[in-house]
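Hi everyone, thanks for making time today.

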Amino acid sequence: MIKNYILADNQELTRYSLEHLIRQNEENVIHICSDKRDLMQLLEKHENSIVLLDYSLFNFVDEEQLLIFSERFSMTSWILVSEELTIKFIRKVLYSSHAFSIVLKDCGLRDFREALKSVSQGQRYICQQVMEILLTQQQQEETPDVLTSTELEIAKLICQGKTTKEIATERFSSVHTITTHRKNIFRKLRVNTAHELLRYAMRSGWINASEFTI
């Protein structure tokens with residue numbers, strides 16, 4: 001089946017390599033553009049295309065503009081081919097639209113071939129490097145900051161159902177100090193209530209469920 005490809009990459013060597021890979025199927029049609037205006041004109045004529053775009057070398061203002069572009073040309077599939085993309089950009093684009101695939105320029109030929117094959121079959125392709133970036137970011141977000149020994153002791157007292165005033169009296173501290181510790185504990189563990197703190201403590205195994213009730 002004949003496929004339309006648009007090479008939107010101003011790096012000559014990369015463009016030459018991508019063109020060589022695409023032309024392995026002689027029926028494919030390749031268009032080359034140098035800026036956003038050219039890209040828009042080509043998509044107006046050939047919306048059902050696969051665009052290989054180096055976002056960092058093109059004149060898009062930000063990822064929002066790129067997403068608006070993709071919404072306007074809804075039949076277009078995109079393979080982002082760049083040397084480096086921020087985690088913010090990657091998450092925004094991939095989570096907002098299924099039309100985007102990503103391959104970093106330092107990936108091997110196998111990744112580029114797989115990307116071209118997958119996208120031509122209507123499937124998304126995300127290279128292993130980008131998957132690892134997303135996974136690392138997710139793990140960092142899901143891993144709470146470590147509590148200090150003082151915060152851990154106060155967290156256990158909160159799980160026992162004691163009020164801020166009671167904890168302050170027991171520890172010979174001011175209410176303000178305990179309130180500050182409480183806020184830090186909730187922020188680090190990403191919980192909002194004492195009930196959520198208790199559930200977290202039980203899952204983590206640093207309290208015995210039979211001894212702590214709220």
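Let me start with a question: which residues in H2 meet which residues in H3? Before I answer, please keep in mind that this is a predicted model. On the H2 side we have Lys36, Leu39, Met40, Leu43 and Glu44. On the H3 side, their partners are Gln65, Phe69 and Arg72. If you sort the residues of this contact by class, four are nonpolar, one is polar and three are charged.

Now for the geometry of that pair. In general, two packed helices are described by the angle between their axes and the distance between the axes. Helix H2 covers residues 36-45 and helix H3 covers residues 63-72, and their axes come within 11 Å, crossing at roughly 15°. Angles under 35 degrees count as roughly parallel, and H2 and H3 are therefore roughly parallel to each other. The crossing of H2 past H3 is right-handed.

Let's move on to H1 and H5. Here the axes are 11 Å apart, and the helices pack at an angle of about 55°. H1 and H5 are therefore oblique to each other. As for handedness, H1 passes H5 in a right-handed crossing. Which residues make this contact? From H1 we have Leu18, Leu21 and Ile22, and they meet Leu109, Phe112, Arg113 and Leu116 in H5. This contact has six nonpolar residues, no polar ones and one charged.

How much space lies in the largest pocket? The value is about 240 Å³. There are 12 residues lining this pocket, and the closest to its centre are Tyr5, Leu21, Asn25, Asn28 and Leu116. Helix H1 (12-22) and helix H5 (109-120) are the elements that give two or more residues to the lining. H5 gives the most, with four residues. Sorted by class, the lining has five nonpolar, four polar and three charged residues.

Is the crossing left-handed or right-handed? H9 passes H10 in a left-handed crossing. The residues involved are Arg182, Ile185, Phe186 and Leu189 in H9, which meet Ala194, Leu197 and Tyr200 in H10. Six of the residues in this contact are nonpolar, none are polar and one is charged.

That's my tour, and I'm happy to go back to any of these on the screen.

How values were computed
Residues numbered from 1 in each chain as written. Predicted model: local features only at pLDDT ≥ 70, side-chain atom pairs only at ≥ 80, totals over all residues. Heavy atoms only, no water. Axes fitted to C-alpha atoms, helices over the stretch in contact; angles between N-to-C directions. Parallel < 35°, antiparallel > 145°, perpendicular 65-115°, else oblique. Left-handed = near helix turned anticlockwise from the far one by under 90°. Contact = heavy atoms within 4.5 Å. Nonpolar A, V, L, I, M, F, W, Y, C, P; charged D, E, K, R; others polar. 1 Å grid on protein atoms, 1.4 Å probe; cavity = no way out; pocket = protein on both sides within 12 Å on 5 of 7 lines; lining within 4 Å. Points joined across faces, edges and corners; volume = space filled by probe spheres on them.
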